[in-house]
Amino acid sequence: MSPEAKVLEALLREPRLFPPPEHFSQKANTQETELFKIKDPEAFWGQCASLIHWFKPWERILEWDYPQARWFTGGTLNVSYNCLDRHLGSFRRNKAALIWEGEPGDSCVLTYRDLYREVNKFASVLRSLGIKRGDRVTIYLPMIPELPIAMLACARIGAIHNVVFAGFSAHALQERINDIGSRLLITADGGFRRGQVIPLKDNADLALQNAPTVERVIVTKRTGHHINMQLGRDLWWHEIMHTASLYIEPEPMEAEDPLFILHTSGTTGKPKGVVHTTGGYLVGVTMTAKYVFDLKEEDVYWCTADIGWITGHSYVVYGPLSNGATVLIYEGAPDYPQPNRFWEIIEKYGVNIFYTAPTAIRSFMRWGPSYPARHDLSSLRLLGTVGEPINPEAWMWYYIHIGRRRCPIVDTWWQTETGMILISPLPGETPLKPGSATRPLPGIEADVVDEKGNPVPPGKGGYLVIKKPWPAMMRTIYGDHRRYVEQYWSRIPGCYFTGDGARKDADGYFWILGRVDDVINVSGHRIGTMEVESALVDHQAVAEAAVISRSHPIKGQAIVAFVTLKEGFTPSPELAQELKEHVVKIIGAIARPEQILFTPELPKTRSGKIMRRLLRDIAEGRALGDTSTLADPSSLERLRQAYAEEA
Ligand code: PRX
C-alpha cells in the first residue's frame, strides 16, 4: 500500500465525530429558513435567487444545454448595487463594511455609506477614462481598500475585472493582461509584506513594455517610495478622485454577462482565464456566505485569503458584502512583526468568524500554542478552512487552540472554477469529522466515480465529479471555449471533472485526496507543473526540466524540479539558486522550487515521455514502481543516488 493510501486508510477510520453544539444550532441561520427543505436543485436555486436584488426578474432558472448552463436568464441586476446601494436604506448605511488593518499597524473603517461613495467616485473615474461595459480592466493591488473599491466600481459600470495577485511577477502580469486585452491597469506604488516593499509599479512598468492594449495606468499611493510616473499614461488615484462624480447609475447587467475573469493554473503552461458571470455567481456566493458562515448582522467576519485568489473574490468581497456583513481585511503576513499578529487582530476587533487555510494552521502549530494563548479569542464562534485537505491533527489543533472547543469548523471544498463553496458542513446542522469536508451543500450533486463515470463503492478512491450545474459555475475559459469543454466536461461522461481525487465513506462523507492532474497545491495555491517547467527551460542553462511535487509538512506539497543542463554548463549550488530565482522572476515567489536536482538525463519511456511517476517515487523516498517501460533503467539508479546524496 502506498504511503498516501495508508494515510487515507487511517483517515477513513477517523472515529471522532463532533455534533453541532446546541448553542450554535439553536441560533443558526439554517434554522430560520424553509430553503433547505426544497429537494429539487433547480427549485432550490430559484428560491436562493430571491436573496439578491433584481432590477428585472429572471424568466427561467436554468437553461442547460450540456455542457453550457445559463442561469436566471431574462433577469437584470448589478453586483455593486447588491453589495452597496441596497444596504443604504437601513441602519447598515452607517455600519462598518470594511475594517482594514495595514501591516505597519495603520488602520481605517469604511461604512457602507463610505464604501458606496468611494465606489461611485471610482466608477465615475473609470467612465471618464472611456471604460465601458464589457471592457477588461486589470487590477494589480495589495490588500488595501482600493482593491475592493476598484472591483466594485468595475462591476458598477459593467467592466470585467481581472485581479492579478500582487505576489505575481511582471511577466505573469503581462501574460494575463495580454490574454484578455485589458484597456486599463490599476496598481499601487507598492505593497508591504513582512516589512519589505513589493515594487508593484516597477513590475507594472516592466509588464507594460509589451502589453499594447493598456492605455492608462491608475496608481494608488501606499508605500510612498519613489516610482516613475509616465506622462500621458499614468495617473495618481488621489488626484483623479478629486474631480469624480458622487453618483454613477449602476449598469443593469444581464444575468449571464461576465463579472470577472480570474486566471488559474491547469495542466498546460498557460494559465486559464476562468470567466464568472453576474447573476448565478452572486446568487451562489450570497447563499453560501449566509449559510456556511452563518453571517449575522453584528458579526465581524475575517477571511484571511488574498483578494487576488478566488477565495478573496467570493468570500472577502462579493459574498459577505452582498449580505451586508462587516468584513475585516488585513494587509500583511501572519507572523509580522510577531507570530501572534492574527490573534492580536482577532482580539482587537472582536472577530466572530475566522476563515483561513490549512497551511496557515500548520504554521501556527509549528510556532506553538503560546501565541494564541496570550489573546482573548472568546469572540470567535465559527472557524473555516479552505484550499487543501486538512490533516486531522491540524483540524484538532485549530479546534482546541483557536476555537477553544466551542466553535464548529467548516472545511469548505471548492475551486476557482466552481466560484462558490460546493462541499462543506452547514454549521449547526452537520456533525463534523476532522479531515472531511463532509457532504455536498443543498442544490449540489457531487459523487466519486471511476473513469467511465460509474460511482465507486464507499471507501474506494475515484474522481470527484459534480453531476448537475450550479449557479456560480464558470462559463468558459476566456478565449478558449474548446479547452473549457475538453478539460472540464469531456473527461468523465456527463459530469464536471474537478481534477481532484476523493473517497466517500459509509456515511456519505467526502474525503478529498488532492489533485489527480499536473497541478501542485503549494500552501493552498495552485501551480501547474508545466508553468514551472517552461519557466526553467526559459533559462539559458537548462536543456530539459521535469517538475513534480513531494509532500511537505507545512506547505502540503512542495515543488521539486529535476533539471538537465545544456552543454557547457555545470551543476552547482549557485546555479540551483539562480534557477530558483528565475522561476520567481517568471511566475512569482509562490512558485519557487523547494529543490532543484541536476541530472544528466531524465527517466523516459521508449517513446520519449518523461516518467514523472518514478520521479515522484524518488522524491518521496518510496520504492520505485514499475520501471519496465523505461528506455534506460540504469539512468534511474543514477538519479536515485544523486537524490539521496542531495538529501
Ligand atoms: O484540490 C482542491 C483544493 O484546491 C483546489 C482548488 O484550488 P483553487 O482553484 O486555487 O481554489 C482554492 C480555494 C477555493 C481543489 O481542486 N481544495 C480546495 N479546498 C479544499 C481543497 N482540498 C481539500 N479540501 C478542501 N477544503
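Analyst: The count comes to 45 salt bridges, where a salt bridge is a side-chain nitrogen of Lys or Arg within 4 Å of a carboxyl oxygen of Asp or Glu. The model is predicted, so local features need pLDDT of at least 70 and side-chain atom pairs count only at pLDDT 80 or more, whereas totals for chains, interfaces and linings use all residues. Residues are numbered from 1 along each chain as its sequence is written, and side-chain values use heavy atoms, with hydrogens and water left out. In general, side chains of opposite charge can pair when their charged atoms come close.

One of these pairs joins Arg526 to Glu417, with the closest N and O atoms 2.9 Å apart. Arg526 lies in strand E27 (residues 525-528) and Glu417 in the loop between strand E20 (409-412) and strand E21 (446-449), so the pair ties together parts that are 109 residues apart in sequence. Strands (E, at least two residues) and helices (H or I, at least four) are DSSP runs, numbered from the N terminus. Both Arg526 and Glu417 are buried, a word that here means under 20% relative accessible area, while exposed means over 50% and partly exposed lies in between (1.4 Å probe, protein chains only).

A second pair brings together the side chains of Asp447 and Lys504, at 3.1 Å from N to O. Asp447 belongs to strand E21 and Lys504 to strand E24 (residues 496-504), so that distant parts of the chain, 57 residues apart, are linked. Asp447 is buried, with a relative accessible area of 9%, but Lys504 counts as partly exposed at 24%.

E21 and E24 also belong to an open sheet of 4 strands, which has the order E21-E22-E24-E25 and antiparallel pairing. Its edge strands, each pairing on one side only, are E21 and strand E25 (510-515). On average, neighbouring strands of this sheet are turned by 45° against each other, direction ignored, the axes being lines fitted to C-alpha atoms, for helices over the stretch in contact, with angles from 0 to 180 degrees between N-to-C directions. E21 runs antiparallel to strand E22 (residues 461-466) and is joined to it by 4 bridges, where two strands pair if DSSP finds at least two bridges between them. Val449, for example, has Tyr463 in E22 as its bridge partner.

Elsewhere, Glu175 forms a salt bridge with Arg176, their closest N and O atoms being 3.9 Å apart. Glu175 is partly exposed at 30% relative accessible area, whereas Arg176 is buried at 5%.
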